[in-house]
Amino acid sequence: MSPTLSYAAVEARNEKEAQKREIRRYHKGVKHLCENGITKVPTKYILPVSDRPTNVGGDHHNAQNHGLKLPVIDFALLMQASTRSHALQSLTKACEEFGFFQLVNHGIERDVILDMIEASRSFFNLSFEERAKYMSADMRAPVRCGTSFNQNIDGVFCWRDFLKLNCHPLSDVLPFWPSSPLNLREAAVKYSKQVKFLYLMVMEAIVESLGLTKTASEIGSGLREMFEDGSQLMVVNCYPDCPEPDLTLGMPPHSDYGLLTLLLQDEHVKGLQIQHGGRWLTVDPIPNSFVVNVGDHLEIFSNGRYKSVLHRVVVNSVKSRISVASLHSRPLHSVIRPSPELVDEANPRRYMDTDFATFLDYMNSCEHKSKNFLDSRKLNT
Ligand SMILES: O=C(O)CCC(=O)C(=O)O
Ligand SMILES: [Fe+2]
C-alpha cells in the first residue's frame, strides 16, 4: 500500500515533475521551442541584466550601433611570392591588434560554400524527431546535435542549436554523419576538405609571420604534416529569430579553443560581435569571405603574442541566422606548448602544456566562461 502524501508534498512533487518536463523541453532546442509558437523568451534563457547584449558595463551605446570593419587579408596576395611579405605584415598586425580578420579571395568555389549553407539550413528544417537522432551528450561523438553553449552545465541557456561534425579522420567519421538531408554529406565533405586546405595555408603563413624560421626549416616539409593530421570540428550554428533578443544571446562571450577558426558568416544577417578596446563591436559581413580568428591553442603556441579574443553572438527578432565554424587544432592527444623559438629570458614561457583532450575534460567539468580554460593554463611569470 502506498503511503498517503500530504497536500503540500503532492504539490511539491508536482512542481518538481513540472520543472523536469520544462528542462527536458529546453534540451530539445530553440528551434523546437519556436516551432511550438512561443511569443516570449522563457526564463531559462534570460540573462542577468549585466550580461545582456544591450547593457554591457552600463554602456547602452555600445555593440549593435558600432559596426566593425575587421582587417582584410587577401589570400591571393599571401600566396604570391612578390606580394607575400607585405601580406604577412598585414597578417601579423591583424593577429596582434584584433585576433580576427576577414579572408577574401580565398579560392573556394562559390558553389561549395552555397551548398554547405543550403545543406545546413535544410538540416535545421528537418523535423525535431529526425534531428533528435543525432543528439548526444558525448563530446567526442563523431556527430552531435544539441543546443545552448554547453547544455549539460549552462545555468542560463543561449539561443542557439548546433550540429557538430567531427571531420578527422574523415573515413572513420563519415558513416556517422546525418544521412538526411540527402545533400548534407556530400556538401560537408567537399566544404570541410577545402576549408582544411585553406587552414593549412593560413597556418603556414602564421608560422612565418611569427618569425619561426627555425621551426619552419627544421621541420621543413614536415610543417604541413604537423598541422595536416590535426583535429577539425565543424560546427553548424542555427540561431532562430527570437521574440525578445535583448534578453538573451545566441552565444555567450567565449574564445575558441583551437589554433584557428574559419567561420562562414551569414552574408545577410549580422550577429557576431567581438570584444575590442573594451567594447562589443558587431562584425560587418563581407560577402564571400571567411572570418578567421586566433584560438586559445595559437595563443599558447605563440607564447601570448597572438591572443584569442572574446566573441559572442547576438540574435534578432526578424531573421534566423546560420553560421558554419570550422575549428582546427593539433591531433587530439598532441601536446600544445609555446614554440621554443618564442621563449627566452626576455620572454619566459607563459603557458603550461595542454592538449585537446584536457580541454574536453575541462568543458565537461565546469561552466566554460570567457577565457577561463586558457587562464587555467597560464603560468605566473
Ligand atoms: O555564429 C557566429 O558568428 C560565431 C560562432 C562561434 O563563435 C563559434 O561557433 O565558436
Ligand atoms: Fe566562437
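Visitor: Which residues do ring pairs link into a cluster?

Guide: The cluster is made up of Tyr26, Tyr45, Phe157 and Trp159, joined by ring pairs. The model is predicted, so local features need pLDDT of at least 70 and side-chain atom pairs pLDDT 80 or more, while totals for chains, interfaces and linings use all residues. Residues are numbered from 1 along each chain as its sequence is written, chains are lettered from A and ligands numbered from 1 in the order written, and side-chain values use heavy atoms, without hydrogens and water.

Visitor: How many aromatic pairs does the structure hold, and how is a pair described?

Guide: The distance of the centres and the angle of the planes describe a pair of aromatic rings. Rings of Phe, Tyr and Trp (its six-membered ring) pair with centres within 6.5 Å; planes under 30 degrees apart are stacked, over 60 edge-to-face, the rest tilted. The structure holds six such pairs.

Visitor: Why does the pair of Tyr45 and Trp159 tie together parts that are 114 residues apart in sequence?

Guide: Because Tyr45 lies in the loop between α2 (30–35) and β1 (63–68), and Trp159 in the loop between β4 (143–147) and β5 (161–166). Helices (H or I, at least four residues) and strands (E, at least two) are DSSP runs numbered from the N terminus.

Visitor: Are Tyr45 and Trp159 buried or exposed?

Guide: Both Tyr45 and Trp159 are buried (under 20% relative accessible area; exposed is over 50%, partly exposed in between; 1.4 Å probe, protein chains only). Tyr191 and Phe290 form a tilted pair, 6.4 Å centre to centre with 35° between the planes. Tyr191 belongs to helix α8 (residues 184–209) and Phe290 to strand β11 (residues 290–294), 99 residues apart. Tyr191 is buried at a relative accessible area of 0%, and Phe290 counts as buried at 0%.

Visitor: What does the side chain of Thr248 reach?

Guide: The side chain of Thr248 reaches the backbone oxygen of Tyr45 at 2.9 Å. Thr248 is found in the loop between β6 (232–239) and β7 (251–254), and counts as buried at 0% relative accessibility. Leaving aside neighbours within four places in sequence, Thr248 is in contact (heavy atoms within 4.5 Å) with residues including Tyr45, Phe157, Trp159 and Val315.

Visitor: Where does the charged end of Lys164 sit?

Guide: The charged end of Lys164 sits over the ring of Phe162, 4.6 Å from its centre (NZ of Lys or CZ of Arg within 6 Å of the ring centre and within 35 degrees of the ring normal).

Definitions and conventions:
A polar contact is a pair of N or O atoms within 3.5 Å; within protein, one must be able to donate a hydrogen and the other to accept it, and residues adjacent in sequence count only if both atoms are side-chain atoms.
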